[in-house]
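Hi,

Here is the model I promised to send over. Have a look at it first, and then read on for what turned up in it.

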Amino acid sequence: MEQEVVILNGHRLPLKFCQTCNIYRPPRASHCAECDCCIDRMDHHCPWVANCVGKRNHKFFLAFLWSCALLATQVLVISILELMQRIDEMLYPCIVSIGTVFSLYGMALYHSFLVFTNQTTRQQVIVLMVDQKASQYLRQRTNRELFRVLQ
């Protein structure tokens with residue numbers, strides 16, 4: 001089978017062929033095993049929304065995350081106000097609210113960072129894996145050279 005090539009901004013990019021969908025995928029597209037289809041600029045498959053987050057719905061996913069974070073903040077504020085009146089009953093809901101707020105804001109900030117830097121979660125994870133392997137290789141090489149010098 002002949003490899004398809006597309007030219008973007010003067011650069012030749014080979015298109016990958018998806019055996020399952022039987023199509024040539026555009027750059028940054030990926031096949032989702034959960035949805036069983038190719039997703040353009042796929043970020044991840046989200047169990048919260050039971051769908052893939054990609055080019056067409058990433059802004060809605062980000063709005064969903066920020067609205068959940070704001071709702072959790074409201075619940076936290078109300079829990080703290082109630083905690084001041086009834087400390088025995090409201091301590092556990094307040095602790096749960098604090099954990100929820102931090103995790104939701106963390107995810108919302110992380111996905112906002114990805115949007116502003118035009119990256120996807122998949123690309124970020126691949127970069128981290130490559131950096132980890134590279135740093136492990138450099139660490140082993142440095143240790144061998146250090147050991148050789150100390151002999």
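One cut-off before the rest: a residue is called buried when its relative accessible area is under 20%, exposed when that area is over 50%, and partly exposed in between. D40, with a relative accessible area of 31%, therefore goes down as partly exposed. Please keep in mind that this is a predicted model.

Now the overall picture. The chain has 151 residues, and 23% of them count as buried. Three helices and eight strands make it up, and the order from the N terminus is β-β-β-β-β-β-β-β-α-α-α. If you take the contacts between residues at least 6 apart in sequence, 28% of them join residues at least 24 apart. The accessible surface is about 11,300 Å², and carbon and sulfur atoms account for 62% of that.

Which residue forms a salt bridge with D40? It's K55, and the closest N and O atoms of the pair are 3.7 Å apart. The two are 15 residues apart and link distant parts of the chain: D40 sits in the loop between strand 6 and strand 7, while K55 is in the loop between strand 8 (51-53) and helix 1. The count of salt bridges comes to one. As a general point, side chains of opposite charge can pair when their charged atoms come close.

D43 is the one I'd like you to look at next. This residue is in the loop between strand 6 (37-39) and strand 7 (44-46). D43 is buried but has no salt bridge, and the nearest side chain of opposite charge, R28, is 7.5 Å away. What the D43 side chain does have is a polar contact with the side chain of H44, at 2.6 Å. Beyond its neighbours within four places in sequence, D43 is in contact with V53, G54, H58, H111, L114, Q119, T120, T121 and R122.

H44 comes up again with C32. The C-alpha atoms of C32 and H44 are 8.4 Å apart, with the two residues twelve apart along the chain. Leaving out neighbours within four places, its contacts are C37, I39, M42, H45 and C52.

On to the helices. M84 is in helix 1 (residues 58-85). Is M84 buried or exposed? Its relative accessibility is 64%, so M84 counts as exposed. Together with V77, I80 and L81, M84 forms a nonpolar patch on the surface, with about 380 Å² of accessible area between them.

P93 is in helix 2 (residues 87-116) and, at 28% relative accessibility, is partly exposed. Its C-alpha atom is 9.2 Å from that of V75, which is 18 residues away along the chain.

Last one: Q124, in helix 3 (residues 121-150). Q124 counts as buried because its relative accessibility is 17%. Not counting residues up to four places away in sequence, Q124 touches Y110, F113, L114 and Q119. L114 and Q119 are also among the contacts of D43.

Cheers

Technical notes:
Residues are numbered from 1 along each chain as its sequence is written. This is a predicted model: local features need pLDDT of at least 70, side-chain atom pairs count only at pLDDT 80 or more; totals for chains, interfaces and linings use all residues. Side-chain values use heavy atoms; hydrogens and water are left out. Helices (H or I, at least four residues) and strands (E, at least two) are DSSP runs, numbered from the N terminus. Buried means under 20% relative accessible area, exposed over 50%, partly exposed in between (1.4 Å probe, protein chains only). Contact means heavy atoms within 4.5 Å. Accessible areas come from the Shrake-Rupley method with a 1.4 Å probe; for residues, only the protein chains shown count as cover. Patches are made of residues with over 30% relative accessible area and no salt bridge: like charges are joined within 9 Å, nonpolar side chains (Val, Leu, Ile, Met, Phe, Trp, Tyr) within 5 Å. A salt bridge is a side-chain nitrogen of Lys or Arg within 4 Å of a carboxyl oxygen of Asp or Glu. Lys and Arg count as positive and Asp and Glu as negative; His and the chain ends are not counted. A polar contact is a pair of N or O atoms within 3.5 Å; within protein, one must be able to donate a hydrogen and the other to accept it, and residues adjacent in sequence count only if both atoms are side-chain atoms.
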